[in-house]
Amino acid sequence: NSSSVKEFILLGLSENQRVQKIYFVVLLLFYTLTVAGNLLIVLTVMSSRHLNSPMYFFLGHLSFVDVCYSSVTAPQMISGSLVENNTISFAGCMGQLFGLHFFGCTEIFILTAMAYDRFVAICRPLRYPALMSRRLCRRMVGGSWAGGFLHSTLQTLPTALLPFCGPNKVTHYFCDVHPLLHLACADTRPMGLAAVANSGLITLSCFLILVVSYVVILVSLRGKTLAGWHKALSTCGSHITVVILFFGPCTFVYIRPSSDLSKDRNVAVFYTLITPMLNPLIYTLRNGEVKGAMRKLCRR
């Protein structure tokens with residue numbers, strides 16, 4: 001690596017020290033809730049004999065990914081809001097970049113797998129047990145992790161090989177491709193376009209698959225009773241909410257060549273912290289089975 005920069009300074013969400021102290025309290029609360037809520041779901045799914053359908057298998061993995069995903073950025077951001085200069089080593093920065101894209105992309109693929117599961121459950125209910133076998137579910141989750149790993153490697157390796165020789169202030173609260181490309185001492189336009197193509201294509205194509213699957217689900221409900229509609233929408237409602245909260249901000253940040261980094265970092269709080277924090281709430285408030293299993297676990 002021809003880089004002479006040994007560490008980067010993360011500028012955080014605000015340059016104002018007093019505002020940073022407020023962020024410290026809010027972010028610490030958010031992160032604590034994220035980890036506690038998602039670990040509770042993982043434990044509930046693992047310990048309950050009743051939550052053995054594919055939907056809960058995916059939900060357990062989603063919650064585990066959420067804990068890892070927010071842990072890549074939040075601790076550094078929380079500790080950084082208390083110090084004047086929030087520094088991160090070159091290796092730490094590349095590790096954070098890798099982790100962010102690895103867990104973020106895995107989450108996108110798991111959400112897509114969950115949409116397929118809902119599609120089969122509602123549109124092919126009689127063939128559901130045969131179509132959504134344990135083996136297929138494991139393969140889908142394995143594929144999600146493998147896809148996340150491949151995507152992340154393709155984002156991190158080229159970035160790590162760039163020459164960084166001058167400025168080292170990252171206009172963000174974590175290391176991401178766009179803010180780092182702005183600091184490289186080389187023409188990074190081709191790489192910027194490649195990054196947009198890579199992240200943007202994955203985000204947008206998965207989002208379109210999700211939208212199409214829900215349109216098909218809604219079309220298939222024509223002529224169904226009100227109870228049928230209610231049941232279908234209650235199983236899909238929570239998933240649609242999570243998809244919009246996660247994909248909306250992600251698409252905004254990664255689908256366009258980024259010029260305004262300060263906008264990006266405000267939007268990024270949504271998909272790195274707020275959505276992972278809301279996931280457990282969204283999935284448990286709408287779901288009696290999960291709530292019941294959680295009560296049993298807490299009694300134990």
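Analyst: Happy to. A quick definition to start: axes are lines fitted to C-alpha atoms, for helices over the stretch in contact, and angles run from 0 to 180 degrees between N-to-C directions. Also, keep in mind that this is a predicted model.

User: Okay, at what angle do helix 2 and helix 5 pack?
Analyst: The angle is about 20°, and the axes are 10 Å apart. Helix 2 covers residues 54-80 and helix 5 covers residues 134-160. Angles under 35 degrees count as roughly parallel, so that is how helix 2 and helix 5 run relative to each other.

User: Which residues make the contact?
Analyst: From helix 2, Pro54, Phe57, Phe58, His61, Phe64 and Val65; from helix 5, Arg134, Cys137, Arg138, Met140, Val141 and Trp145. By class, that contact has nine nonpolar, one polar and two charged residues.

User: Switching topic: how many disulfides are there?
Analyst: The search of the whole structure finds two disulfides. One joins cysteine 93 to cysteine 175, with an S to S distance of 2.0 Å. Cysteine 93 sits in helix 3 and cysteine 175 in the loop between strand 3 and helix 6, so this pair ties together parts 82 residues apart in sequence.

User: And the other pair?
Analyst: Cysteine 165 and cysteine 185 form a disulfide, with sulfur atoms 1.9 Å apart.

User: Are cysteine 93 and cysteine 175 buried or exposed?
Analyst: Both are buried. In the other pair, cysteine 165 is partly exposed at 49% relative accessible area, and cysteine 185 is partly exposed at 33%.

How values were computed. Residues are numbered from 1 along each chain as its sequence is written. This is a predicted model: local features need pLDDT of at least 70, side-chain atom pairs count only at pLDDT 80 or more; totals for chains, interfaces and linings use all residues. Side-chain values use heavy atoms; hydrogens and water are left out. Helices (H or I, at least four residues) and strands (E, at least two) are DSSP runs, numbered from the N terminus. Angles under 35 degrees count as roughly parallel, over 145 as roughly antiparallel, 65 to 115 as roughly perpendicular and the rest as oblique. Contact means heavy atoms within 4.5 Å. Ala, Val, Leu, Ile, Met, Phe, Trp, Tyr, Cys and Pro count as nonpolar, Asp, Glu, Lys and Arg as charged, and the others, Gly among them, as polar. A disulfide is a pair of cysteine sulfur atoms within 2.5 Å. Buried means under 20% relative accessible area, exposed over 50%, partly exposed in between (1.4 Å probe, protein chains only).
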